[in-house]
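Here is a short tour of the salt bridges in one protein model. Take a look at the structure first, and then we'll walk through some of the charged pairs.

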Amino acid sequence: MIVSAWYDGHSTYGVRILDREVSLWFRPEWETVEIRLPDRMEPVEIPLTESFWHGSPELRSPRIKEFFLRHNLGHWPKNKPPQFQLEPLGNGVFRLRWLTRSEGQRTLPLDV
């Protein structure tokens, strides 16, 4: 699935998932998921909050923020965040992969 970088405007970073992808790839019984970042061996454990299930489908973590900052992705043009592939590996484990960002790439809408 394609996900976009997300920033709350203050200090929290993460990746945004399309609403329609949430029910396909995430299970309500999961309290956390594990994300494997492209540049690190150790996985990131991310809690699935109530807001994730109710209108704010972002996977948020200080480790994702660190990943973005390591790769100069802390800021992007309005409505043009970096996008990635989030590959489901099974049982709540996912791998984040690089996508080549094309100019004019827009934010993924939540309700598509």
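Let's start with Glu 58 and Arg 60, whose side chains meet in a salt bridge at 2.6 Å, N to O. The term stands for a side-chain nitrogen of Lys or Arg within 4 Å of a carboxyl oxygen of Asp or Glu. A word on the background: this is a predicted model, where local features need pLDDT of at least 70, side-chain atom pairs count only at pLDDT 80 or more, and totals for chains, interfaces and linings use all residues. Residues are numbered from 1 along each chain as its sequence is written, and side-chain values use heavy atoms, with hydrogens and water left out.

Arg 60 is partly exposed, with a relative accessible area of 31%. Through shared partners, salt bridges join Arg 16, Glu 58 and Arg 60 into one network.

The structure holds seven salt bridges, and these are among them:

| Pair | Closest N and O atoms |
|---|---|
| Glu 58 and Arg 16 | 2.9 Å |
| Arg 70 and Asp 39 | 2.8 Å |

Arg 70 lies in helix α3 (residues 62–70) and Asp 39 in the loop between β3 (32–36) and β4 (44–47), so this bridge ties together parts 31 residues apart in sequence. Helices (H or I, at least four residues) and strands (E, at least two) are DSSP runs, numbered from the N terminus.

How open are these residues, buried or exposed? Glu 58 counts as buried at 5% relative accessibility, and Arg 16 is buried too, at 16%. Arg 70 is partly exposed at 32%, as is Asp 39 at 24%. Here buried means under 20% relative accessible area, exposed over 50%, and partly exposed in between (1.4 Å probe, protein chains only).
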